Amino acid sequence: MQTKQLGKSDLYITPVGVGAWAMGGGGWKFGWGGQEDQDSIAAIHRALDLGVNWIDTAAVYGLGHSEEIVGRAIKGLSEKPYIFTKGARVWDEDGNIGRSLKADSLRREVENSLRRLDVDVIDLYQIHWPQPDEDIEEGWTALAEMQKEGKLRNIGVSNFSPSQMQRALDIAPITSNQPPYSAVRPGIEDDVLPFCLENNIGVIVYSPMQAGLLTGKMTRERAAGFPENDWRHSNPEFQEPKLSKNLALADVMGEIAKRHDVPTPAVSIAWVLKHPAVTAAIVGMRRADQVDDVVVGGTLELDEQDIAKIDALIR
Ligand SMILES: NC(=O)c1ccc[n+]([C@@H]2O[C@H](COP(=O)([O-])OP(=O)(O)OC[C@H]3O[C@@H](n4cnc5c(N)ncnc54)[C@H](OP(=O)(O)O)[C@@H]3O)[C@@H](O)[C@H]2O)c1
């Protein structure tokens with residue numbers, strides 16, 4: 001699989017990376033319903049077998065559980081994928097989630113992530129959310145120091161606006177930003193993507209299939225029946241009036257997929273990858289049988305006719 005340089009770093013990454021949010025399991029506030037650890041590990045192994053060379057997780061996914069699963073999946077592998085994780089979301093003994101960009105908190109978080117992932121260094125450590133806004137400078141300075149100390153190979157941000165990226169850039173270079181991007185949510189095209197392109201900041205976009213909505217497998221029945229421990233249960237994109245519009249978009253993607261003889265999920269992924277500012281897409285995979293259909297998206301090239309069909313529904 002072809003790789004692309006992430007920003008100015010020495011990381012050359014495949015167009016699709018494994019997103020490990022759902023691998024955190026269902027037992028916390030932002031779970032995706034039940035998830036078996038062996039399914040998560042099998043999905044990671046299938047992706048690596050197909051040539052995917054990076055995994056994105058976060059400390060908060062399953063309150064540490066996703067990082068532990070990623071650590072278990074890569075243990076003993078002769079060729080390890082790049083491991084990207086995120087901090088600045090903290091939790092207490094009761095599982096209440098808070099936000100902290102304080103230097104001492106981030107230092108504790110990095111040590112905990114290194115231990116859970118069972119690695120000596122983290123390839124890319126990202127600030128998960130720019131919150132609280134007034135502590136961005138303190139948090140980014142702390143990450144830059146830990147990079148110099150050799151605990152973090154590269155440092156990046158996630159969900160940052162251009163002005164927030166500029167404040168970080170004034171302190172230390174940013175390897176990458178991680179924003180949401182899909183045909184359902186194209187908003188970053190106006191400001192975030194041009195800023196990243198101009199400043200040579202890599203972009204790994206998240207939720208390219210809008211959390212499963214654009215896969216062709218989502219139905220009204222499934223959207224209406226998510227269990228309470230699946231965060232999609234109360235998400236407006238899975239409810240009217242948005243649901244009908246999103247499913248219509250998935251139908252059009254299905255027609256495009258048929259024309260190219262590829263699975264439907266590949267189309268939403270190819271759509272985000274066509275933007276010149278986007279380095280790669282983070283795709284959530286929960287089971288090995290989901291992996292092949294999304295990895296195809298990394299090599300699919302959409303033509304003008306396809307783009308026009310999708311644009312007609314979203315612009
Ligand atoms: N930085 C941030 O704030 C942030 C926020 C969100 C996500 N992320 C990152 O981005 C990653 C990807 O985003 P995402 O997981 O939200 O959304 P996504 O990649 O758009 O969708 C993933 C979901 O689609 C479904 N799916 C996967 N493969 C499929 C297939 N072949 N056929 C049908 N359905 C399939 C799965 O859910 P079901 O099977 O249950 O339908 C899966 O969990 C996350 O794992 C995380 O690493 C970061």
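**View 1. Leu 63 in its loop.** Leu 63 sits in the loop between strand S4 (54-56) and helix H2 (65-74). Helices (H or I, at least four residues) and strands (E, at least two) are DSSP runs, numbered from the N terminus. The model is predicted: local features need pLDDT of at least 70, side-chain atom pairs count only at pLDDT 80 or more, and totals for chains, interfaces and linings use all residues. Residues are numbered from 1 along each chain as its sequence is written, and side-chain values use heavy atoms, with hydrogens and water left out. Phi of Leu 63 is near 50 degrees, a positive value in a residue other than glycine. Leu 63 counts as partly exposed because its relative accessibility is 25% (buried is under 20% relative accessible area, exposed over 50%, partly exposed in between; 1.4 Å probe, protein chains only).

**View 2. Gln 210 in its loop.** The loop between strand S11 (202-206) and H7 holds Gln 210. Phi is positive here too, near 50 degrees in Gln 210. At 7% relative accessibility, Gln 210 counts as buried.

**View 3. Two cis peptide bonds.** Gln 131 and Pro 132 are joined by a cis peptide bond, with omega about -5 degrees. Pro 132 belongs to the loop between strand S8 (124-127) and helix H4 (136-148). Another cis bond links Glu 240 to Pro 241, with omega about 10 degrees. Pro 241 lies between helix H7 (220-224) and helix H8 (242-260), in the loop.

View 4. A polar contact is a pair of N or O atoms within 3.5 Å. A polar side-chain atom of Arg 232 lies 2.8 Å from a ligand oxygen atom. For a side-chain N or O atom of Gln 290, the distance to an oxygen atom of the ligand is 2.8 Å.

Note on methods:
Polar contact = N/O pair within 3.5 Å; in protein donor to acceptor, adjacent residues only side chain to side chain.
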